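Open the model in your viewer and keep the sequence beside it.

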Amino acid sequence: MQDKNYLTITHIDDYAGSDAIRPGMKLKLKKDHHNPYDDEAILVCMDHNIRVGYAANSTCTVCRGTHSAGYLQHLFEEEAGCTVCFVGADFAIAELDNSPNQTDCDNVKEIR
């Protein structure tokens, strides 16, 4: 059995807003090599490359039980998929998809 890898998505209100994402949505993670603030930055986006936020990478922003962007860096090449589990005021918790091919955000779904 493989361990599950969770991440905290931060700065949601700076981009799409927390109303734009729902539990069950598939999102895409992309390493952001040109980020001037964080060498390990991972951008989170939805269809049509609409920015949702960034994977948390600070002890102040990484929720307990989730991994930092620095930890996640070695788990995929350039892009990976994730599924939103919970949505808060300006953050979300998502699970990293196990398959490296799950990067297509065209199948956004909402759990009801």
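From the N terminus on, the order is β-β-β-β-α-β-β. This is a predicted model, in which local features need pLDDT of at least 70 and side-chain atom pairs count only at pLDDT 80 or more, while totals for chains, interfaces and linings use all residues. Residues are numbered from 1 along each chain as its sequence is written, and side-chain values use heavy atoms, leaving out hydrogens and water.

Next, select Leu 7, Ile 9, Leu 27, Leu 29 and Val 52. Of the 21 residues in the largest nonpolar core, these touch the most other members (such a core is a set of buried Ala, Val, Leu, Ile, Met, Phe, Trp, Tyr and Cys residues joined through side-chain atoms within 4.5 Å). At least two residues of this core come from each of S1 (6-10), S2, S3, S4 (50-55), H1 (69-72), S5 (79-87) and S6 (91-96).

Now go to Asn 35, in the loop between strand S2 (26-31) and strand S3 (42-46). Is Asn 35 buried or exposed? Asn 35 counts as buried because its relative accessibility is 14% (buried means under 20% relative accessible area, exposed over 50%, partly exposed in between, with a 1.4 Å probe and protein chains only). Leaving out residues up to four places away in sequence, Asn 35 touches Ala 41 and Tyr 54 (contact means heavy atoms within 4.5 Å).

Terms used. Helices (H or I, at least four residues) and strands (E, at least two) are DSSP runs, numbered from the N terminus.
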